[in-house]
Amino acid sequence: IRSIWLHGGDNAKRVLMVASASSGEGKTTFACQLAGSLARAGRKTILVDCDIRRPRVHQLLEVPLELGLSEALSDGLQLETAIHRTRDENLDVLPAGKINDAALQSIARDGAKRVFEQLRNDYEFVIVDSSPILYVADGGAIGKNVDGSIIVVRSHVSRLPSVAVACQRLEMMGIRSEEQT
């Protein structure tokens, strides 16, 4: 990731969505590793599991699934109550929580804008594990609240036509992405 992400001043991208075209391409693992790296570098970071239909962040970082994003969006749960500490002092996690219709409607309506406004104020970096772009509309709705995105592509798994369509879809939705060489 280019240094603008960390040192870009007013142009820094602090809320980053990690996405993939399809499932099984490694986006959750990459999002966890990126968030962990930022935290180990001394940056106050939160990882948000926005793949609420197939959450996995809670398993990888060993936090409870309950009381997460879904409850903050649907039950009026205070965001601070839904955020879980990890072993790393600079890394917090907002797990997906238990999926429900009210949370899905909130994401579709405004991409959880209120949640992202608060997280942007409370953390240096917000890393978002989104749902696969080609199968679920949630990633596009969440993308309204991010500064940029990374598409994860896995060798011998990802299909180039699917990746191209996912990139086009993000671009059509106005979600900026970083190209890696």
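Biologist: With which side chain does the side chain of Arg85 make a polar contact?
Modeller: The partner is the side chain of Asp92, at 2.6 Å. A polar contact is a pair of N or O atoms within 3.5 Å; within protein, one must be able to donate a hydrogen and the other to accept it, and residues adjacent in sequence count only if both atoms are side-chain atoms. This is a predicted model, in which local features need pLDDT of at least 70 and side-chain atom pairs count only at pLDDT 80 or more, while totals for chains, interfaces and linings use all residues. Residues are numbered from 1 along each chain as its sequence is written, and side-chain values use heavy atoms, with hydrogens and water left out.

Biologist: Which backbone oxygen lies 2.7 Å from a polar atom of the Arg85 side chain?
Modeller: That oxygen belongs to Glu89.

Biologist: What kind of bridge do the side chains of Asp92 and Arg85 meet in?
Modeller: They meet in a salt bridge, at 2.6 Å from N to O. The term requires a side-chain nitrogen of Lys or Arg within 4 Å of a carboxyl oxygen of Asp or Glu.

Biologist: Is Arg85 buried or exposed?
Modeller: Arg85 is exposed, at 51% relative accessibility, whereas Asp92 is buried, with a relative accessible area of 5%. Buried means under 20% relative accessible area, exposed over 50%, and partly exposed in between (1.4 Å probe, protein chains only).

Biologist: Where is Arg85 found?
Modeller: Arg85 is in strand β3, residues 84–85. Helices (H or I, at least four residues) and strands (E, at least two) are DSSP runs, numbered from the N terminus.

Biologist: How many salt bridges does the structure hold?
Modeller: The structure holds eight. One of them joins Asp129 and Lys27, whose closest N and O atoms are 3.1 Å apart. This pair links distant parts of the chain, with Asp129 in strand β5 (residues 125–129) and Lys27 in helix α2 (residues 27–40), 102 residues apart. Both Asp129 and Lys27 are buried.

Biologist: Which residues are linked with Lys27 in a network of salt bridges?
Modeller: Asp51 and Asp129 are linked with Lys27 in that network.

Biologist: Which backbone nitrogen lies 3.1 Å from a polar atom of the Asp49 side chain?
Modeller: It is the backbone nitrogen of Asp51. The backbone nitrogen of Arg56 lies 3.2 Å from a polar atom of the Asp49 side chain. Asp49 itself is placed in strand β2, residues 45–49.

Biologist: What else is Asp49 in contact with?
Modeller: Leaving aside neighbours within four places in sequence, its contacts include Pro55, Leu69, Leu94 and Asp129. Contact means heavy atoms within 4.5 Å.

Biologist: A change of topic: how many disulfides are there?
Modeller: The count comes to zero, a disulfide being a pair of cysteine sulfur atoms within 2.5 Å. Cys32 is buried, with a relative accessible area of 9%, and Cys50 is buried at 1%.

Biologist: In which sense do strands β1 and β6 pair?
Modeller: Strand β1 (residues 15–19) and β6 pair in the parallel sense over four bridges; two strands pair if DSSP finds at least two bridges between them. In β6, Gly148 is the bridge partner of Leu16.
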